[in-house]
Amino acid sequence: MKRIIKKAAVLGSGVMGSQIALHFANTGTSVLLLDIAPSELTPDEKKKGFTLNDKVVRNRIVNSAFEAALKLNPSPVYSKSYASRIKTGNFEDDFQAVSDCDWIIEVVIENLEIKKKIFEKVEQYRKPGTLITTNTSGIPINMLIEGRSDDFTSNFCGTHFFNPPRYLKLFEIIPSKQTDPDVISFLMNYAVINLGKTPILCKDTPAFIANRVGVASIMALFHMVGKTGLTVEEVDRLTGSVLGRPKSATFRTCDVVGLDTLVHVANGLKKNLPDDELNELFNLPGYITKMVENKWLGAKTGQGFFKKVKKEGGESEILSLDLSTIEYKSQKKVKFPTLEAARNVDDLKKRLKILVKGNDKAGEFYRTAFYGLFQYVSNRIPEISDDLYKIDMAMNAGFGWELGPFECWDALGVKDTVDEMIKNGFKPAQWVMDMLSDGDTSFYDIDSRTKLYYNIPQRDYFAIDEIKNFILLDTLRPTDTVWKNTGAHLIDIGDGILNLEFHTKMNTIGGEIMEAVNKSLDIAEKDFRGLVISNEGENFSAGANVAMILMFALEQEWDELNIAVKLFQGTNMRLKYSPVPVVVSPHNLCLGGGCEISLHADVVNAHAECYMGLVEFGVGVIPAGGGTKEMAIRMSDSLHEGDVMMNVFRDKFLTIGQAKVSLSAKEAFELGYLIPGKDTITLNRNRLLGESKAIAIRLADAGYKAPMQRKDILVPGKSALGLVYVGADSMVAGNYITPYEKFISEKLGWVLCGGDLSSPARVSEQYLLDLEKEAFLSLCGQKKTLERMQSLLKTGKILRN
């Protein structure tokens, strides 16, 4: 049957239920969110004279949970306006409304009998053919459908979201024995395209894939701490970003998720996995038991492995728990020679080799942790998955690991690592030994621009079905690079389209990127049909190379700085007016200069998680790569008959002056960085480059012609500039901004208003670019700007490149 999901029902409004509902709202789906009706009044309800029959009381549980979800930070929703797509109700009064829903998702408490009662009620009201799924994380799927009809069971399976659903991309799909294969195919496709997820088809085993491996890894670290004497802060320093994993690392992640949640999963695994060779791994260490008894569960109770306190002077301090004494203490700076040796190695695969070869306590920790992990995951095949790549994909998408276990193993060298594992008592599964004896020395390979994985039963390499339709630069870079320099690769991605990939540190923009953009345009305009600017780094771009700007300013190399600004402006103008279409595909951080590049594209196809902003004001300057000019154009183009120009001007002025950064691509539209009808959003990061390429092809096929340079930009002149000066004076008087911030504000206002114009007038892009450059250079010459840049670089709040 053809399925169209217009409306979804989410049954259960707890932490996961409300956030799942909001993520469906993110994707444009109407949602019915239901939960139980209260059995008694609160003191406040009694005081107000309410009864249990009042609607406000009957929907209190669901509404309170939903409102709490909307207040979460980071937000579970792309835009607060999307909350209107959700209707709340309760199981007693509103359950019949599920008959209008195309997908019913159960997210109630992890109790088999309660879930079965919910499904019995669902069966009374659902339409035949309606999709039903459960978000259970531990109850066997087949037990949940006992006594249900054939139509129910054929349309039922597990769909396990990870918390928080908006940000963690893993979507584990767990079919029952009766699930219709068409349902599985639908969910696999829908998750990728409509939910922006990475779907993994799982077996119905305890904790499925990601939690089975992830919780085992955490429990192994819990036990290792006692043996090694490492502190909480040392373990977090060793297991965070240095390993390509979230900065919250191990213990801070436990505090965020909640220790009780981890303990619940660990106890479930202990009980349900009697044959696991490391079953004892899931025994709780004494300090964990003590923390649970003390209700030190993390953020939800105010303290866990870390505790925030106020010192005598009123300053805050984050203490860490001493696991031997169960007392909080001040954190000590973490220093290991191994970490120091790896500090400046950006390539994660190269960095892992340095970490594992360390001769100190850190090196010993890494060897024990990795060898144990590799042994464990090799023994989980075929128990939890027949295919090793699914374990890696699950850890990438569910736990935020840049490299999964088998990818790490490959990076370290499979054969050499196996030799060391055996020496240290961590012999892997026999299939690994068989693979090596066949002469196959890696779990992954690349052939004909396709990523392959080692298929264990077939003892050969095969393409990964889940990614075969994605364009992966890692697979194209070795064979299809057209041009490169130290900061970028220009890659032929087929069908006459090039992709320019940045790979400087945090993809900051300096001379090498300017060279790359101009060279890319040279080549594209001569031999290709279009250009995409996209990369597979953690961030699209953190902005301009501030260290370079600071160096020029400190040495008073004003001619060099002037040339650099003119080059950036000219490069962005060339992007905008190239005879071939240019599509920019930002993701995650797209700040400062990265944002300015995006503003000059024919189309911006942004990932849904794109945090875009012109943040130069915070450094003490204004956007001068054409960013201020582009916001002036947006101001001019957004004026309609009857609009008050000052209101539109104020919005654009504050967007730059307050260095506003969007918290999603949707919010980037609301802030004016993206333009409705021109720019687009892609939900799935893996599809971003492919969809951007398709846009470039469509523009080329339509006979793309470059636009004409603008000479009709309406700017408000001195009337608006006077408001800037008055407003800045009052902000200083109220101690909201400093006198120097007032000075920067006036420079920004000068450019947006069009400079010394007595009345509103139409000006050219070049006119505004000249004003931009003049203001930028004058600000760079100010002592306070230089001090601010130096301070930010020193504290690491902006990048040293």
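Predicted model: local features only at pLDDT ≥ 70, side-chain atom pairs only at ≥ 80, totals over all residues.
## A network of charges

Lys55, Arg58, Glu92, Asp93 and Asp94 are joined to one another in a network of salt bridges.

How hidden are the two partners, buried or partly exposed? Arg58 has a relative accessible area of 14%, so this residue is buried, the limit being under 20%. Asp93, at 25% relative accessibility, counts as partly exposed.

## Bridges between distant parts

The count of salt bridges comes to 49. Another of them brings together the side chains of Arg212 and Glu383, at 2.9 Å from N to O. Here the link is between distant parts of the chain: Arg212 sits in helix α10, while Glu383 sits in the loop between α17 and α18 (388–399), 171 residues apart. Arg212 is buried, with a relative accessible area of 0%, whereas Glu383 is partly exposed at 30%.

Next come Lys576 and Glu765, whose side chains form a salt bridge of 3.2 Å, N to O. This pair also links distant parts of the chain, with Lys576 in helix α25 (residues 558–576) and Glu765 in helix α33 (residues 765–780), 189 residues apart. Lys576 counts as buried at 14% relative accessibility, and Glu765 is buried too, with a relative accessible area of 0%.

## Two nonpolar cores

Which residues have the most contacts inside the largest nonpolar core? They are Phe305 and Tyr366, in a core of 119 residues. Helix α10 gives the most to this core, with 10 residues. There is also a second, separate core of 84 residues, which includes Ala488, Val604, Phe649 and Cys753.

Take a moment to look around Tyr366. Leaving aside neighbours within four places in sequence, Tyr366 is in contact with Leu238, Val242, Leu243, Thr338, Leu339, Leu355 and Val356.

## The second largest pocket

The elements that give two or more residues to the lining are α10 (210–228) and α17 (361–379).

Which element gives the most to this lining? The answer is α17, with 10 residues. By kind, the residues of the lining divide into 14 nonpolar, seven polar and four charged.

## A buried aspartate in a loop

Our last stop is Asp440, found in the loop between α21 (430–437) and β12 (444–447). With a relative accessible area of 18%, Asp440 falls under the 20% limit and is therefore buried.

What does Asp440 touch, not counting residues up to four places away in sequence? The residues in question are Met435, Tyr454, Arg459 and Tyr461. For Asp440 and Tyr461, the separation is 21 residues in sequence and 9.4 Å in space, C-alpha to C-alpha.

Note on methods
Residues numbered from 1 in each chain as written. Heavy atoms only, no water. Helix = DSSP H or I, 4+ residues; strand = E, 2+ residues; numbered from the N terminus. Nonpolar A, V, L, I, M, F, W, Y, C, P; charged D, E, K, R; others polar. Core = buried A, V, L, I, M, F, W, Y, C linked by side-chain atoms within 4.5 Å. Buried < 20%, exposed > 50% of the residue type's maximum accessible area, 1.4 Å probe, protein only. Contact = heavy atoms within 4.5 Å. Salt bridge = Lys/Arg side-chain N within 4 Å of Asp/Glu carboxyl O.
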